[in-house]
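Subject: Structure for your review

Dear colleague,

Please find the structure below, followed by a summary of what was found in it.

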Amino acid sequence: MIPHSKPTLDESDLFSVSEVIRSGRIAQGEAVETFEKKVAKFIGVDGAVSTNTGTSALHLALLALEIKEGDYVAIPSFVCTALLNAVKYVGAQPTLVDIDPETYNIDVSDLKKRIRKSTKAIILPHQFGLPADLDEITSLGIPVIEDCAQAIGAVYKGKKAGSIGRLSCFSFYATKVLSTGEGGMVVSDSKNLLKKIRDLRDYDNKKDYSIRYNYKMTDIQAAMGISQLKKLDSFLLKRVKIAKRYSSELQELCDVPAISYKDRKHIFFRFIIQIHGSVSKAIKFFSEKNVTCMRPVFKPIHKYLQINGFPNTDTVWNKTISIPIYPSLTDKEICKILDVLTQYLKRKV
Ligand SMILES: Cc1ncc(COP(=O)(O)O)c(C=O)c1O
């Protein structure tokens, strides 16, 4: 069975982690600090604070911006519930926004219609690895938290995704582009915001009491992150190479994403195709042929909340499928995936 996603691991990750284990200092320490500095340098920002997950990175980013009960935070509907959870953790409410059906990112004109005075922040994911419309969205004057969980290494107008918002969050979950098993990070140019986040991440040894969290990353995870970061450029090249191959072989048969954009660089965390007919039946067909495909988003947020008014999200959800794309895919596996997809897309109905 070809899995839908898979971390890209090798002996160098094992070596890096085993060094930390040998040292006997396995909790948050020197490796975490080094990993933070290296990610900040890679993104091109002043500083970074690591966390145990991407969700806790979003939670701390919202707390640092002092988002609270009564406030609204704009998020797209076509994302996982991690964003909604982070908004709810601080007692705020979501302002749900529809997506652009071509890019799957937040639709700027819909965002403009839905924001109100109480919308105090925007969480802006760069969905599936393609940077969202940062210029238009940052110019609205509402603090933007870039959600780069799926977009480490993506580029917008010459700058790395994650270097433009007030704060930016990353996830290093097992199947993300860069993996530490679980893990996250907040980066920013604001020393003040990063200081608040650093304080909130850890509850122990504080002079005063206020609610704080245990959202720390361990040195074991950070060692893996440092090792993965060294290979990130090669991971990204491989993803784009596979995307180009999928695109050239599938474009006559179905809608595929654009490969190149004049002002931004897609890293192809996901490769999304649009099909006619039932998505669940297609996924079943692929699974019976040992290729795991998935819906790009399990269920849109407006469907969980049982509200209507997100037509693009509905349309996209009803016709998109995410196919396996990751650096460790072998040539044989890529051929198999293309063969199974071609069989399905050429079938007589
Ligand atoms: C866009 C986006 N934001 C946030 C998260 C949450 O990250 P984590 O699973 O590390 O908590 C994810 C996770 O899949 C995601 O895709």
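Two strands are said to pair if DSSP finds at least two bridges between them. Helices (H or I, at least four residues) and strands (E, at least two) are DSSP runs, numbered from the N terminus. Please note that this is a predicted model, in which local features need pLDDT of at least 70 and side-chain atom pairs count only at pLDDT 80 or more, while totals for chains, interfaces and linings use all residues. Residues are numbered from 1 along each chain as its sequence is written.

The protein contains 13 helices and 12 strands. Its radius of gyration (taken over C-alpha atoms) is 20 Å, close to the 20 Å given by the globule rule (2.2 Å times the number of residues to the power 0.38) for 349 residues, so the protein is as compact as a globular protein of that length.

An open sheet of mixed pairing is formed by 7 strands in the order 1-9-8-5-4-2-3. Strand 1 (47-51) and strand 3 (93-97) stand at its edges with a single partner strand each, so one side of each has no neighbour in the sheet.

Strand 1 runs antiparallel to strand 9 (residues 184-188), and 5 bridges join the two. Within this pair, A48 stands opposite V187 of strand 9.

Helix 7 (residues 191-200) lies across strand 1, strand 8 (167-171) and strand 9, and runs at about 20 degrees to strand 1. Here, contact means C-beta atoms, placed from the backbone, within 7 Å; axes are lines fitted to C-alpha atoms, for helices over the stretch in contact, with angles from 0 to 180 degrees between N-to-C directions.

How values were computed: Two residues are in contact if their C-beta atoms, placed from the backbone, lie within 7 Å.
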